[in-house]
Amino acid sequence: MAVNVGGSHRGTGERVRKYLNVLMCLAVVGMGVGGWGLWTAIDERLDRATSREKITKACDGLVDPDQVLGLNGGTARARPGSEPNDSMFDLDNPNALATMPTECVIYRVADSDRTYGHFLLSVWPTPSDEFAQIVSGQDDPFFERTIDRTGDLTREADTSAPHPLGDGRLGVYYDNVVLVKAVCSDKPSGKTSITAMTVARYHGTAQVTDADRHTLAELARTAAERAAAKVGCETTLPALPAELPTASSALVHAESAKGSCGWYADFIARKGRGRLPDRALTAPVASHSPEESCLLAVSDDGVRDIWSGLTSKERGRGSLQTVLGSSPWWLRAESYFGDEAGEVKAKGIGREQTPIDPTRAGFSDDANVWWAVSTCDGQPAVHALSVQYRYGKHIRQHLQPLFRTYVTDVTARRHCTDLRFPSDSTFREN
């Protein structure tokens, strides 16, 4: 058997060399007859074959390398962030679940041999010490815009809100990110699911098209399914929806908000807006999505109107220009369901993160976050309200009714029970 296999390898190698020799000869003839065209085509084919091999190796066979190469208009040359012959994964290792998360990064290579961002795949189990859902009034959703300081900061967020993949059983997607969750029916090593995340990391101003986003979803689904098989997670993944509506990061007028922010439009229609936000970042909602979010923010004109009505004590040491230029006013209502609810952490000033118990409602003064808990479809759920610290001082009296309205809406839609809110005292001024 060993001799036959060796002979087969020698025969294959000879055939490859003969094939390349023929191609070289054709290339020489082509240069004499038709210039460089044929040689360029051969060179590109060899580059593509090498790139495919490197992607397959680096990502442990979890993705289709041709789909990866096809992103952002397509390329024949790519390389991984690791050494060419090293896999960034080790999922065939019996202890793979313990060593996750892991990832592979693929770079696009230009003719000048310069490399640019292209694609990332990351895989992790739940529960995981390194991947958590962060809720915090300290994490500015407009941070990138505050660095550029161009125009009205809250017109557009740094990223979109999560959109469900179909009814949400498969996972969620953002403007340039897709997360597919493979729920493990057998819970190997105590892990309840395996998540695969694909990210388009394009250079400069290149945009993720709807076609690219669907490719990212296909890559994430394939990776989740293959990773689950490698680590012994028994799962059945739903099919991808035929279309993925564009996930926009642009905020809309709060009065016209729908989907994940529809409850807020109803709230201000009944109660009035006053000092509350006049913009909303919405997303579709689904009955089985592992997460959903509604980001609310105040426009420049809204800030000026509110600021003009503040007392000197309310303004304190703050300034209107600081709010407009680097500290926009915002709040976010979000919910996490199933095993995602067990991974929520409140992040305060600095990097300190406090795990949230999905069975107990509470409040973190450091993170400026309130959370309620419930049981949805027999599984835990966490519903959080994060508020930008200085803005929270101006709307404190509105936060409790606002939060109750949000939680009541989402739990009614998801048919949740055992609803528990943080105590009334947490909403009072200290």
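## A right-handed link: C376 and C416

Let's start with one bond. Around the S-S bond of C376 and C416 the torsion is about 105 degrees, so this disulfide is right-handed. Its two ends sit in distant parts of the chain, 40 residues apart: C376 belongs to strand β16 (residues 369-376), while C416 is found in the loop between α12 (396-413) and β18 (417-420). The sulfur atoms of C376 and C416 are 2.0 Å apart, and both of these cysteines are buried. Please keep in mind that the model is predicted.

## The chain as a whole

Stepping back, the chain holds 12 helices and 18 strands. It has 430 residues, of which 47% count as buried. Among contacts with a separation of 6 or more, 65% come from residues 24 or more positions apart.

How many disulfides does a search of the whole structure find? There are 4. Counting the bonded cysteines along the chain, their pattern is 1-2, 3-4, 5-6, 7-8.

One of them joins C184 to C233, with an S to S distance of 2.1 Å. Is this link left-handed or right-handed? At -105 degrees about the S-S bond, the link of C184 and C233 is left-handed. C184 lies in the loop between β7 (177-183) and β8 (193-200), and C233 in the loop between α6 (210-230) and β9 (252-253), so the bond ties together parts that are 49 residues apart in sequence. C184 is buried at a relative accessible area of 1%; C233, at 5%, counts as buried too.

Another disulfide connects C59 and C104, S to S 2.0 Å. The torsion about this S-S bond is about 90 degrees, which means that the disulfide of C59 and C104 is right-handed. It links distant parts of the chain, 45 residues apart: C59 is in the loop between α2 (37-58) and α3 (65-69), and C104 is in strand β2. C59 and C104 are both buried.

## The sheet that holds β2

Strand β2 also leads us to an open sheet. Its 7 strands come in the order β1-β2-β3-β8-β7-β6-β5, with antiparallel pairing. The edges are β1 (78-80) and β5 (163-164); each has a single partner strand, so one side of each is left without a neighbour in the sheet.

Which residue of β2 is the bridge partner of P80? That partner is I106.

How values were computed: Residues numbered from 1 in each chain as written. Predicted model: local features only at pLDDT ≥ 70, side-chain atom pairs only at ≥ 80, totals over all residues. Heavy atoms only, no water. Pairing = 2+ DSSP bridges. Helix = DSSP H or I, 4+ residues; strand = E, 2+ residues; numbered from the N terminus. Buried < 20%, exposed > 50% of the residue type's maximum accessible area, 1.4 Å probe, protein only. Contact = heavy atoms within 4.5 Å. Disulfide = S-S within 2.5 Å.
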